[in-house]
Amino acid sequence: MPDPGKFIGLWQNRFANYIASQQRNIESNQRLIASPSTYPPLRERLKKVTRARADNLRTILELMAPQQDLGPGTPPEDHADALGSFMLMVYLLRDWGWETGEVDILCDQVREILPDDLALESLLVLGAGACRDAYNLHNHYNCPLTVSVDIAPLMLLGASRIVSGGELNLYQIQPNNVRNAQDNVTLWKLRAPRKPDNDFLFMLADATSLPFAEHAFHAILTPFLIDAVGEDLRDFAPRLQRILQPGGYWVNYGAMSFRPGINYTAEEVLAIVNASGFRVIEHGFSTKPHLAPRESCQRTVYDCLYFTAVKE
Ligand SMILES: C[S@@+](CC[C@H](N)C(=O)[O-])C[C@H]1O[C@@H](n2cnc3c(N)ncnc32)[C@H](O)[C@@H]1O
């Protein structure tokens, strides 16, 4: 991290905001449960939701113990009420719980656009989230070393527990399940199918400030990251170029919902990649459901750009 004190302060603040938001939610549900005007079947559902939320909060507090031990850091001056990636708990559910096939879409596409006979020596996954893509590709290629980088502590702590053979019990709370009200709360026992072979490492780091030597990796995957990373692609792409081996692969898959001012079309993204010391050898578009549980009445689908680029 360029400024560890600031980073710690930011995430301690987000963590405190998350705890407060869950407590507020629990209290407001308790008021509804106690109110005589609440529709009785809804009251029963609210009781389940409230118990699940309280249980999740206990689990998250226990999982986040390493962060709690870090001290206060430097408190943020702006956006002090932000939650950051705490809402992304759903990524843990999707990656290690739901059996909707969503996690396979990205990995299948990545395997298709890398050479068939690739003997992958090392893989860096940036913005790895709950790390299922990294885990699947590491296993598929029997990769000697995979490093999963993310800036959100919760997902890495969750993934590292699961991947190392542990279990994480989290409730999915789905108030808008119109078909089966009984399924508005589902307990997922998140587990990895098996422990990975070789070195499978987690790194809490900012992808715009990576501590790696030049030519450190054989391949880099950016799954739904280049538009989320917050840095102009014209600055971010050369960073990846520097740490890739000559002839190494940059594989991207994701939506293109960039921030205003640094928003690019697919054609512009490919041009920037080609101008940053890479040669794009394959690209295309893929439609992917995004964080779409079976139980929800709403589903988001993203139109995604994928490409493979070789370092020149
Ligand atoms: C849209 S999510 C995608 C997560 C996962 N790769 C997937 O495909 O489901 C973007 C991820 O990038 C991470 N991220 C955003 N900015 C980052 C940065 N500067 N450095 C490292 N990770 C970052 C977020 O914490 C989040 O996990």
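**Helix packing and ligand surroundings in a predicted model**

The crossing of H8 and H9 is right-handed, a crossing being right-handed if the near helix is turned clockwise from the far one by less than a right angle, and left-handed if anticlockwise. The structure is a predicted model, in which local features need pLDDT of at least 70, side-chain atom pairs count only at pLDDT 80 or more, and totals for chains, interfaces and linings use all residues. Residues are numbered from 1 along each chain as its sequence is written.

Helix H8 spans residues 233-243 and helix H9 residues 266-274; their axes come within 9 Å and cross at roughly 45°. Axes are lines fitted to C-alpha atoms, for helices over the stretch in contact, with angles running from 0 to 180 degrees between N-to-C directions. H8 and H9 are therefore oblique to each other, given that angles under 35 degrees count as roughly parallel, over 145 as roughly antiparallel, 65 to 115 as roughly perpendicular and the rest as oblique. In this pair, Leu233, Arg234 and Ala237 of H8 meet Val269, Ile272 and Val273 of H9, where contact requires C-beta atoms, placed from the backbone, to lie within 7 Å. The contact of H8 with H9 comprises 5 nonpolar residues, no polar residue and 1 charged residue. In this classification Ala, Val, Leu, Ile, Met, Phe, Trp, Tyr, Cys and Pro are nonpolar, Asp, Glu, Lys and Arg are charged, and the others, Gly among them, are polar.

A second pair is formed by helix H5 (residues 102-113) and helix H6 (residues 132-141), whose axes come within 10 Å and cross at roughly 45°. That angle makes H5 oblique to H6, and the crossing is right-handed. Val103, Leu106, Cys107, Val110 and Arg111 of H5 make the contact with Arg132, Asp133, Asn136, Leu137 and His140 of H6. By class, this contact has 5 nonpolar, 2 polar and 3 charged residues.

Helix H4 (residues 89-96) packs with helix H7 (residues 153-163) at an angle of about 30°, the axes lying 9 Å apart. H4 and H7 are therefore roughly parallel to each other, and H4 passes H7 in a right-handed crossing. The contact involves Met89, Tyr91, Leu92 and Trp96 of H4 and Leu154, Met155, Gly158 and Ile162 of H7. Its residues divide into 7 nonpolar, 1 polar and no charged.

Overall, the chain contains 9 helices and 9 strands, defined as DSSP runs (H or I, at least four residues, for helices; E, at least two, for strands) numbered from the N terminus. The C-alpha atoms fill a box of roughly 70 × 45 × 40 Å along the principal axes. For 312 residues a compact globule would have a radius of gyration near 20 Å, and the 21 Å of the chain agrees with this; the radius is taken over C-alpha atoms, and the globule rule is 2.2 Å times the number of residues to the power 0.38.

Around the ligand there are 20 residues, of which Gly127, Gly129, Ala152, Ala207 and Phe224 come nearest; a residue is near a molecule or strand if its C-beta atom, placed from the backbone, lies within 6 Å of it. The shell around the ligand has 13 nonpolar, 5 polar and 2 charged residues.

How values were computed. Two residues are in contact if their C-beta atoms, placed from the backbone, lie within 7 Å.
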